[in-house]
Amino acid sequence: MASEQELDAFLRQVQQRAFKRTVYAVRDDDAALDIVQDAMIRLAGKYGDRPASELPPIFQRILSNATMDWFRHRKVHQAVFSNLSDFEGPDGDDTLDLLEILDTLDTRSDAEGADEQAQRRQMLALIEQEVAALPARQREAFLLRYWEEFDVAETAAAMGCSEGSVKTHCSRAVHALARALRERGIGR
Amino acid sequence: MSRRDSDLLEARVAARLTALLTQAAAELPGGVDARLRAAREQALDAARR
């Protein structure tokens, strides 16, 4: 059974990503905060007696369900359908270019001037916009697998789908992001 | 490019993107930190009941 300290530590560790992940889905900060709050309360109230190691996948499942409930309540479905027929693009070369650009973005320096900071923020905002624009299942798989660092099996359990589906969603998400960011001028 | 190389490249790109998402998440809009703290406290209250 998770102690109160373990529960608190887990919620502190996950809260920012949970909020961001929900904002990407619902595009509304206040709604995202309500959803995250409900998910935290539901986790603590119903599953607080579980071992600490079980809390991450349970919480992500609760958060996903709470987000779906929000959409159902609003009767709005923000499904983003992309034409996936060309999402793979050239055979990895452009993805390599994107990797090089992302590497330079990831190395912040205290010596960055105001212009460089503004450029960095703009780039981060672009990346967030494209993550938010992914189809819901691709975004969920990508964030759980790579941001929450779940393995494939944990991601499949949290999403209620097969491991094969997780791999497909993740692959499509990464390629869709690479393509979208190339089209917006990153990685050229 | 082999399937293995493609998988490795995918993982590397994903790792870079999520590192940047973490940077973006560290700069939350005003008031969000306080609301998340309040949400956490309500959750801990729920656990105690």
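Trainee: How many salt bridges does a search of the whole structure find over all chains?

Mentor: Keep in mind that this is a predicted model. Side chains of opposite charge can pair when their charged atoms come close. Searching the whole structure, over all chains, the count of salt bridges comes to 14.

Trainee: Which residue forms a salt bridge with Arg17(A)?

Mentor: Start from Arg17(A), which sits in helix H1 of chain A. The partner is 131 residues apart from it, in the loop between H6 and helix H7 (152–159) of chain A, so the pair links distant parts of the chain. The closest N and O atoms are 3.0 Å apart, and the partner is Glu148(A).

Trainee: What class of accessibility does Arg50(A) fall in?

Mentor: Arg50(A) meets Glu54(A) in a salt bridge, 3.1 Å from N to O. Glu54(A) has 31% relative accessibility, so it counts as partly exposed. Buried needs under 20% and exposed over 50%. With a relative accessible area of 33%, Arg50(A) is also partly exposed.

Trainee: How many salt bridges are there between chain A and chain B?

Mentor: Take one of the pairs across the two chains: Arg121(A) with Glu27(B), the closest N and O atoms 3.2 Å apart. That pair runs from helix H5 of chain A to the loop between helix H1 (3–26) and H2 of chain B. Both ends are partly exposed, Arg121(A) at 45% and Glu27(B) at 41%. The count between chain A and chain B is five.

Trainee: Which residues do salt bridges that share partners join into one network?

Mentor: Here you follow the shared partners from one bridge to the next. The network has a residue of chain A and residues of chain B. They are Glu4(A), Asp45(B) and Arg48(B).

Trainee: What area do chain A and chain B bury between them?

Mentor: Look at the contacts: 46 residues of chain A touch 32 residues of chain B. Across the interface there are also 11 residue pairs in polar contact. On the chain A side, the residues split into 25 nonpolar, seven polar and 14 charged. Carbon and sulfur atoms hold 66% of the buried area, which is about 3800 Å².

Trainee: What do the buried residues of H2(A) pack against?

Mentor: The buried set in H2(A) includes Leu33(A), Ile35(A), Val36(A), Met40(A) and Leu43(A). An α-helix has 3.6 residues a turn, so residues three or four places apart point the same way. The packing partners come from chain A and chain B. They are helix H1 (4–26) and helix H3 (55–74) of chain A, together with helix H2 (32–48) of chain B.

Trainee: Which residue caps the N-terminal end of H2(A)?

Mentor: H2 of chain A covers residues 29–47, 19 residues in length. From its first C-alpha to its last it reaches 26 Å, close to the 27 Å expected at 1.5 Å a residue. At the N-terminal end, a side-chain oxygen lies 3.0 Å from the backbone nitrogen of Asp30(A), and the capping residue is Asp28(A).

Note on methods:
Residues numbered from 1 in each chain as written. Chains lettered and ligands numbered in written order. Predicted model: local features only at pLDDT ≥ 70, side-chain atom pairs only at ≥ 80, totals over all residues. Heavy atoms only, no water. Helix = DSSP H or I, 4+ residues; strand = E, 2+ residues; numbered from the N terminus. Expected span 1.5 Å × (residues − 1). Buried < 20%, exposed > 50% of the residue type's maximum accessible area, 1.4 Å probe, protein only. Contact = heavy atoms within 4.5 Å. Polar contact = N/O pair within 3.5 Å; in protein donor to acceptor, adjacent residues only side chain to side chain. Buried area = accessible area lost by both parts, 1.4 Å probe. Salt bridge = Lys/Arg side-chain N within 4 Å of Asp/Glu carboxyl O. Nonpolar A, V, L, I, M, F, W, Y, C, P; charged D, E, K, R; others polar.
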